[in-house]
Amino acid sequence: MKLTDKLALRKYEKIADKILHREEFYSSLSDDDLKKQTSILRNRLKNKEKVDNVLVDAYAVIREADRRILGLCPFRVQVIGAVVLFYGNIAEMKTGEGKTLTATMPMYFSGVIGKGNFLITSNSYLSKRDFDEVGRVYRWLGLTVEFGADDNLDEEKNKARIYSADIVYTTNSSLGFDYLFDNLSASVNKQYIKEMNFALIDEVDAILLDMAQTPLIISGAPKVQSNFYNSSDKIVKILKLDRDFELSNDNKSVWFTKLGIQKMELYFGIHNLLSKQWKSLYRHLVLALKANYLYQKNRDYIVEQDKILLLDYTNGRKLPGTKLEAGMHQALEAKESVTISIDSRSMGSITYQNLFRMFHKLSGMTGTAKTNAQEFRETYNIDVLVIPTNKPSKRIDEKDRIFLSSEEKILSSVERVKYEYSRGRPVLIETGSVSLSELYSRILLREGIPHNVLNARNAFKEANMVSKAGEKGAVTVATSMAGRGTDIKLGKGVAELGGLLVIGTERMSDIRIDNQLKGRAGRQGEPGGSVFFVSYEDDIVRKNATAAMRQERMQLEKKFEKKQLKKGELFKNKNKRYVLRAQRTQENSDKDSRFQTLEFDNILRIQREKVYKTRKKILTMDHPEELISEIFDKTIQTFFENEAQSISNIYDFVNNYVDYSFDWSKHHMNNVTKESDTKDFLLRAMNEALIKKNHEIKDAQQRRYFLKIVFVRSLDEVWIDEVDNLQQLKTIITGRNWGQHTPIFEYNKEAKNAFKKMLNSFWLTVCSNLLLSTLKMKKNGNIDIIFP
């Protein structure tokens, strides 16, 4: 451990030692007296006692409760980790060090302090497992604890109960979608997430880094289905790389050339593809280009039962129910010739970055975070502290085996598997994609080696497969998911063979992910080992190769051709440096990409916060009628901004936004010659229509509720259009780096203009919904509203 880490940990170690000193006192209490401590602790906090002082006793209480209920008592290092977590840090704790038990301490004390505390995982199975097991301790001590990631929950009956609990176990996606749905509800009573005080995220790097660019999107009413997807896919498939389109070195950006645009104009028989007239067609062509050349089958998605199922790039898991936004999913469907799904509008969107930055306090646990400590600090303002292991690590990490070609690498790694299998030593083989895991499976079958395959096609067996991966003679092939959150326990006699051996078949996009894989072996001081087999043909090396690396490869190939070198492993140190340099290049690229995603979403966040704040203000107003005067003024102002003052335009405005049956015979329009006269006339017409509407609703309370519904529905209508427009804009604008403008600059400018248009649209929409809606009175006194 570095000196800086030791210094940072020192103050937390002192608190941990105070907690341990209280063990004797609390272990002497009866069960009833220990249970009473929750009320005692709450009263101490109400009496304004320092949180730091109360924490010591609270942690000692839950530590003793863990021992009595679970039969497990947190070690000193776990207590240190728990203190680190409470103060809003990330605790890096190695695999097998007991993160689940560590979490009980900060979660309990946060529950004692108040509500709005969440333990977040990316896997509903793990969340439910910990809720069932650990939840017993919280309930025993008098706290309420709920599980919020059950898709079968009855919303009306259960959501309110779940989010009013002291502690909520849930997943990042469940929390995110519930937050978005809360802000689409028509009533404050149906907004369930009242407080967001403390979030403790398990495998925090997976959620806040690896999944940072995956937006949560609620899709709503379908759009008019476009017929451009198939035709765009067909033309894109015949375009030539480096002639009609270009691809960036990292394979993350693709764009058309002038020749490509000319070819497509000829193909469609049109002129000026980049003009406003062909904006929709051009957007579909960009989507088709990205679908064909940026997204890889069995790496980014799989095709299953005539559907496209997305894969988590970092762990290979399927993402059921998740679709790419702004038509990208439909473009992939056209590419793979499956049924094109309905393209729906985005009603709400948020990234995990901005979702979790809303919490008053954020912390997390993982076995690998220190390598990304700077990014955590810059993006989330949280520090990473490495917690020492309870027992020294005995894992042996071998030097990388480096090869010129993928074929040599694969054959050599299989030979290692055969050797270890013959000894009975268990092996976990990591692959970077579904297709590579299936290739290894076929080769192992050919060699007569029985094994399990863990990838996106059978992830439901994940926990069971991973838990048995340490048995004698077990061979497991897995994508990089490798069962995070499930311990691999060694079978009888395995320790004598060296423990579990982890074989990496390529370096991943981030050394942190490689370290995660290594961490599957050698848990809690057990023996274990890891080794990576890499080649110059691996994706990460090929995409991020420098000129020196390409030159080195050419020289090696020539030596092989001249038989100056034998085919096989390359042991030179500089060869490993080339691979690690390529990995660092990829890490930096991914970090820049995450930062760009954050920049894009921050622009949306500013708009989202304004809209949600306005929405909440409307729903909680006692007198919504006070807004009517402003709405009418803004609507008339919008009319003058958008329309020239003329008799025909005034007729159209009144008929479309004010009154379908307006009695024009009572008004002499020839007298409306000045702007002030027009304003007075329109205002009189609006107020007359409002009086008629008020006569239909006799009850004042119903009238106020009607106004709230009208205002909120109108805001939702224009906001849904705005979110959908911005999603489409982002898809297109990321390729707009010409004209010496950066994509984020262009997006910011376009987004501001779009928000201004949205506001203008809101005034018109709320006016028409208020004055042109049809009311139907029911026998029970309720009113049905039919909006125009």
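Visitor: How many helices and strands does the secondary structure of the protein come to?
Guide: Bear in mind that this is a predicted model, where local features need pLDDT of at least 70, side-chain atom pairs count only at pLDDT 80 or more, and totals for chains, interfaces and linings use all residues. Residues are numbered from 1 along each chain as its sequence is written, and side-chain values use heavy atoms, with hydrogens and water left out. Helices here are DSSP runs of H or I with at least four residues, strands are runs of E with at least two, and both are numbered from the N terminus. On that basis the protein has 29 helices and 23 strands.

Visitor: What percentage of the protein's residues is buried?
Guide: Buried means under 20% relative accessible area, exposed means over 50%, and partly exposed lies in between (1.4 Å probe, protein chains only). Out of 788 residues in the protein, the buried share is 54%.

Visitor: Of the contacts between residues at least 6 apart in sequence, what percentage joins residues at least 24 apart?
Guide: A contact takes heavy atoms within 4.5 Å. Start from the contacts between residues at least 6 apart, and the share that joins residues at least 24 apart is 74%.

Visitor: Over how many bridges does S2 pair with S4?
Guide: S4 (residues 167-171) pairs in the parallel sense with S3 (residues 145-147) over 3 bridges, with Val 145 partnering Ile 167 and Glu 146 partnering Val 168. For S2 and S4 the bridge count is 5.

Visitor: How many of the residues of S4 are buried?
Guide: Look at both faces of S4: Ile 167, Tyr 169 and Thr 171 on one side are buried, and so are Val 168 and Thr 170 on the other. The buried tally for S4 is 5 of its 5 residues.

Visitor: How many charged residues does the contact of H4 with H7 have?
Guide: The axes of H4 (residues 37-46) and H7 come within 9 Å and cross at roughly 60°. Gln 37, Thr 38, Leu 41, Arg 42 and Leu 45 in H4 meet Tyr 108, Phe 109, Gly 111, Val 112 and Ile 113 in H7. Ala, Val, Leu, Ile, Met, Phe, Trp, Tyr, Cys and Pro count as nonpolar, Asp, Glu, Lys and Arg as charged, and the others, Gly among them, as polar. That sorts the contact into 6 nonpolar and 3 polar residues, and the charged count is 1.

Visitor: How far apart are the axes of H18 and H19?
Guide: Ile 410, Ser 413, Val 414 and Val 417 in H18 (residues 406-423) meet Leu 436, Leu 439, Tyr 440, Ile 443 and Leu 444 in H19 (residues 434-446). Those residues divide into 8 nonpolar, 1 polar and no charged. The two helices pack at about 55°, and their axes are apart by 11 Å.

Visitor: What is the relative accessible area of Glu 203?
Guide: Most residues other than glycine have a negative phi. Glu 203, in the loop between S5 and H11 (204-210), has a positive phi of about 50° although it isn't a glycine. Glu 203 counts as buried because its relative accessible area is 11%.

Visitor: And what is the relative accessible area of Asn 272?
Guide: Asn 272 also has a positive phi, about 55°, without being a glycine, and it belongs to the loop between H13 (258-268) and H14 (279-293). Asn 272 is partly exposed, with a relative accessible area of 47%.

Conventions. Axes are lines fitted to C-alpha atoms, for helices over the stretch in contact, and angles run from 0 to 180 degrees between N-to-C directions. Two strands pair if DSSP finds at least two bridges between them.
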